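Me: Could you walk me through this model, one question at a time?

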Amino acid sequence: MGEAVEIMFGNGFPEIHKDTSPIQTLHSNQQDCHWYEETIDDDLKWSFALNSVLHKGTSEYQEIALLDTKRFGKVLVIDGKMQSAERDEFIYHECLIHPALLFHPNPKTVFIMGGGEGSAAREILKHKTIEKVVMCDIDQEVVDFCRRFLTVNSDAFCNKKLELVIKDAKAELEKREEKFDIIVGDLADPVEGGPCYQLYTKSFYQNILKPKLNPNGIFVTQAGPAGIFTHKEVFTSIYNTLKHVFKYVKAYTAHVPSFADTWGWVMASDQEFEIEVNEMDRRIDERVKGELMYLNAPSFLSAATLNKTISLALEKETEVYSEENARFIHGHGVAYRHT
């Protein structure tokens, strides 16, 4: 999502607005309403009415806020960008996790890059075949306050199958000798000065990530906004970059209300993604504990059927993501602001 509005607290966090005008308040008879405002682009803003601010601060790597919003419940904001909202995060996380695990014939081991809030691990651990999940997040502070406040993921954090590592995912993958059936990129969007952009590059995918996949292994990553006006920010570049590393690449999208946009994910493998619609639903019934709230076979088929504008843009994209010519989402991370 967009960069935080440039009215700052002393610690660099965006101001929480208090406004009493009829347009800004939730109801005309309401005297006061506090708002959190993001600048999605230079000419576009997205505002949330608040109940309270649960946490705000700056870690070594990122600016962090946890807000209690009236519309979307608890909302995690990193570097001024909406990362996850309590009311609809199931859309993002079910789309990120379940397609790759369902396409894989028998997934047992998963490595999560990022994922500090615990939701990706929660969805992975619903699969009965899973034996081990490594969640590697760079930021201890993000993990600590998500464990404290996001109680929906308490069971995942306590699960004996989960190994939590606080480290740069690139360095952790590089040093590990083991390989994984699935590797997940549950990363923040690439912003200038943020800690994540190197994990979207061809050199990382080719030299570090791909060698850590087992035969039949699948990599899946969140790939940023994928709407009519936003798909060229990073989505098409990430897709094209993965095409230069893997034989088979599949992009899919879904609307996430709290993001105010369509969001994109990309799966990649050297094994073709072949599964019948009925077979996907059968695997969901057999493998997944509990009910999924969003994803089934028809909804995934719809998600992977892209409109003409997006399809042509993916087909025509020529840029390969690298450290030298990285694309960034609108906004800046801690390192950029401190230079």
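**Cysteines, strands and an annotated site**

Reply: Happy to! The count comes to 0 disulfides, a disulfide being a pair of cysteine sulfur atoms within 2.5 Å. This is a predicted model, where local features need pLDDT of at least 70 and side-chain atom pairs count only at pLDDT 80 or more, while totals for chains, interfaces and linings use all residues. Residues are numbered from 1 along each chain as its sequence is written, and side-chain values use heavy atoms, leaving out hydrogens and water.

Me: Is Cys136 buried or exposed?

Reply: Buried means under 20% relative accessible area, exposed over 50%, and partly exposed in between (1.4 Å probe, protein chains only). Cys136 has 1% relative accessibility, so Cys136 counts as buried.

Me: How many bridges pair strand β13 with β14?

Reply: Strands (E, at least two residues) are DSSP runs numbered from the N terminus, and two of them pair if DSSP finds at least two bridges between them. Strand β13 covers residues 248-256, and Ala254 has Trp263 of β14 as its bridge partner. The pairing of β13 and β14 is antiparallel, and its bridges number 9.

Me: Which residue of β14 is the bridge partner of Pro225?

Reply: Strand β12 (residues 213-225) runs antiparallel to β14, joined by 6 bridges. For Pro225, the bridge partner in β14 is Trp263.

Me: How many of the 9 residues of strand β14 are buried?

Reply: Strand β14 spans residues 261-269. It is largely enclosed by the rest of the structure, because the buried residues among its 9 number 8.

Me: What relative accessibility does Phe219 have?

Reply: Phe219 is found in strand β12. Its contacts (heavy atoms within 4.5 Å), not counting residues up to four places away in sequence, include Val266, Met267 and Ala268. Phe219 counts as buried because its relative accessibility is 0%.

Me: Which side chain does a polar contact of 2.8 Å join to that of Asp186?

Reply: Asp186 lies in strand β11 (residues 180-186) and counts as buried at 10% relative accessibility. A polar contact is a pair of N or O atoms within 3.5 Å; within protein, one must be able to donate a hydrogen and the other to accept it, and residues adjacent in sequence count only if both atoms are side-chain atoms. At 2.8 Å, the side chain joined to Asp186 is that of Tyr92.

How values were computed
Helix = DSSP H or I, 4+ residues; strand = E, 2+ residues; numbered from the N terminus.
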